[in-house]
Amino acid sequence: TSSVHGPLMESVMAHWGLADGNKTAILEVAQAAGLTLLEAQERDPGKTTSYGVGELIRNAMDAGAKKIIVGLGGSATNDGGCGMAQALGVRFTGGSSPMAGGDLVDILSVDMSKRDDRIKDTSIQVALDVMNPLFGPDGAARVFAPQKGAAPVQVELLEKGLRHLASFFPHISSNIAGAGAAGGLGWGLAAFCDAELKSGIDLCLDIVGFESLLDGADLVITGEGSFDKQSFQGKVPVGVARRAAVMGISTAVLAGTHNVTLASCKKYGIIGCFSICRHFNLRPEHAIAEASDLLEDLAASVIQDLVR
C-alpha cells in the first residue's frame, strides 16, 4: 500500500502487488486515478490528473520491479497520461503542474530528457479491455468523458487537447488499439513509457493457464455488470468465450443487465446471456443492492434450464 496523489491531488492509499520475487509489479490505474475516489459533484475530467499513476510506477521501480503490468479502467481522467508523465520526470511547457485534461490545449513543448532513467530498463505491459483510439468519434473524450462528468462543450475541448498532445509524438499512432483507454492513458503509457498495450483478458488468461483449466469442462460461465456492445470490444466475457470456443466449449454469460441479441453472441460461442434485472424484473439500483444473492439465484436457475 502506497500513499499517492488521487485524481484531484488529494492523498489516497493505493494497493498494488508484487510477484516473482519482487521482479513483477501489478498496478491498477483506478487505485490512484479512479472515478470511485471522487464524489459525484467532484467529477470533472478537465481538472483530474493521472499523476498518482506515475507515482505508483515509480514506487514499483523503487521496489525492484523490472516488469510492470498496468491495469487500465475506471479512471476519472482525460489527460492522455500527462500527469503520470510528470510524476516520472517528463516536463511540459504550458499547462499546469500537475497536468489535467483541460491543460492539454495549452502545451507548448514536451521535454523527455528528464524522464526517470529506469523506464528504459523496465518492461511495461498495459492490460486493457477497450480498443478505442485516442481521439475521434470513438476516442477517449467523446465516448468516455461524459461518463466522467464532462459537459458537451467540455468534451470538445478535451478532444482538441488530445489531438494537440498527439502532435508532439507523430511516431506514436493515435489509432493503437486501446490508445483511448482510461482517458488516453493507454496512449500516454506507450508514448511516455514505451509500454506495450495488450488485451487485458488475454493477458490474464495466459497467466492463469486458462486452457488447462477447461480440461473436462462442458460449459464455461462468465459474467459482467452490463453486457452490451462495448463488451465485444475486448472485455472479459467475449475474451473468455473466444478462448473456450477454440476448444469446442460453449459459454454462458450472467450479467446485471444486457442489451445484445443472441445472434450477435453466438458467433463468439456464447449460447445465452442472462440478466438479473430482466430475470427478476428489477431496476438496476435494486439489483446492485442485492447483487450477490441475486447472482446466486440466477446462476441456479440458468443451470437448471441448461441441464434439462
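# Briefing: surface patch, aromatic cluster and salt bridges

Ile 221, Ile 271, Ile 303, Leu 306 and Val 307 together make a nonpolar surface patch of about 420 Å². Please keep in mind as you read that this is a predicted model. Elsewhere, the structure holds six aromatic pairs, and a search of the whole structure finds ten salt bridges.

**The nonpolar patch**

- Helix α13, which spans residues 291-307, gives the largest share of the nonpolar patch, with three residues.
- One of the patch members is Leu 306, and its place is in helix α13.
- Leu 306 has a relative accessible area of 35%, so this residue counts as partly exposed.

**Aromatic pairs and their cluster**

- Among the six aromatic pairs of the structure is the one between Phe 92 and Phe 192, which is edge-to-face, with 6.0 Å from centre to centre and 75° between the planes.
- Phe 92 sits in strand β6 (residues 91-93) and Phe 192 in helix α6 (residues 181-193), so this pair ties together parts that are 100 residues apart in sequence.
- Phe 92 and Phe 192 are both buried.
- Phe 169 and Trp 187 form another edge-to-face pair, at 5.5 Å centre to centre and with 85° between the planes.
- Because Phe 169 lies in the loop between α5 (152-166) and α6 while Trp 187 lies in helix α6, the pair ties together parts that are 18 residues apart in sequence.
- Phe 169 is buried, at a relative accessible area of 4%, and Trp 187 is buried as well, at 0%.
- Put together, Phe 92, Phe 169, Trp 187 and Phe 192 form one aromatic cluster.

**A look at Thr 49**

- You will find Thr 49 in the loop between α1 (29-33) and α2 (51-62).
- With a relative accessible area of 2%, Thr 49 is buried.
- Its side chain reaches the backbone nitrogen of Tyr 51 at 3.1 Å.
- Leaving aside residues up to four places away in sequence, Thr 49 touches Gly 6, Pro 7, Met 9, Ala 33, Thr 77, Asp 79, Gly 83, Pro 98 and Met 99.

**Salt bridges**

- As a reminder of the general idea, side chains of opposite charge can pair when their charged atoms come close.
- Asp 116 and Arg 118 form a salt bridge in which the closest N and O atoms are 2.9 Å apart.
- In that pair, Asp 116 counts as buried at 17% relative accessibility, whereas Arg 118 is partly exposed, with a relative accessible area of 29%.
- Glu 159 forms a salt bridge with Arg 163, and here the closest N and O atoms are 3.1 Å apart.
- Both Glu 159 and Arg 163 belong to helix α5, where they are four residues apart, or about one turn of the helix.
- Glu 159 is buried, with a relative accessible area of 2%, but Arg 163 is partly exposed, with a relative accessible area of 40%.
- A salt bridge also links Arg 283 with Glu 285, the closest N and O atoms being 2.8 Å apart.
- Arg 283 is exposed, with a relative accessible area of 53%, while Glu 285 is partly exposed at 41%.
- Some salt bridges share partners, and in this way Arg 142, Glu 156, Glu 159 and Arg 163 are joined into one network.

**Helix α9 and its surroundings**

- Helix α9 covers residues 236-246, and its buried residues are Pro 237, Val 238, Gly 239, Val 240, Ala 241, Arg 243 and Ala 244.
- These buried residues of α9 pack against the helices α7 (200-208) and α8 (210-213), and against the strands β10 (219-227), β11 (250-258) and β12 (270-275).
- Just after α9 comes Gly 248, which takes a positive phi of about 75°.

Technical notes
Residues numbered from 1 in each chain as written. Predicted model: local features only at pLDDT ≥ 70, side-chain atom pairs only at ≥ 80, totals over all residues. Heavy atoms only, no water. Phe/Tyr/Trp six-rings, centres within 6.5 Å; stacked < 30°, edge-to-face > 60°. Helix = DSSP H or I, 4+ residues; strand = E, 2+ residues; numbered from the N terminus. Buried < 20%, exposed > 50% of the residue type's maximum accessible area, 1.4 Å probe, protein only. Polar contact = N/O pair within 3.5 Å; in protein donor to acceptor, adjacent residues only side chain to side chain. Contact = heavy atoms within 4.5 Å. Salt bridge = Lys/Arg side-chain N within 4 Å of Asp/Glu carboxyl O. Patch = residues over 30% accessible without salt bridge, like charges linked within 9 Å, V, L, I, M, F, W, Y side chains within 5 Å. Areas by Shrake-Rupley, 256 points an atom, 1.4 Å probe, with all protein chains shown as cover.
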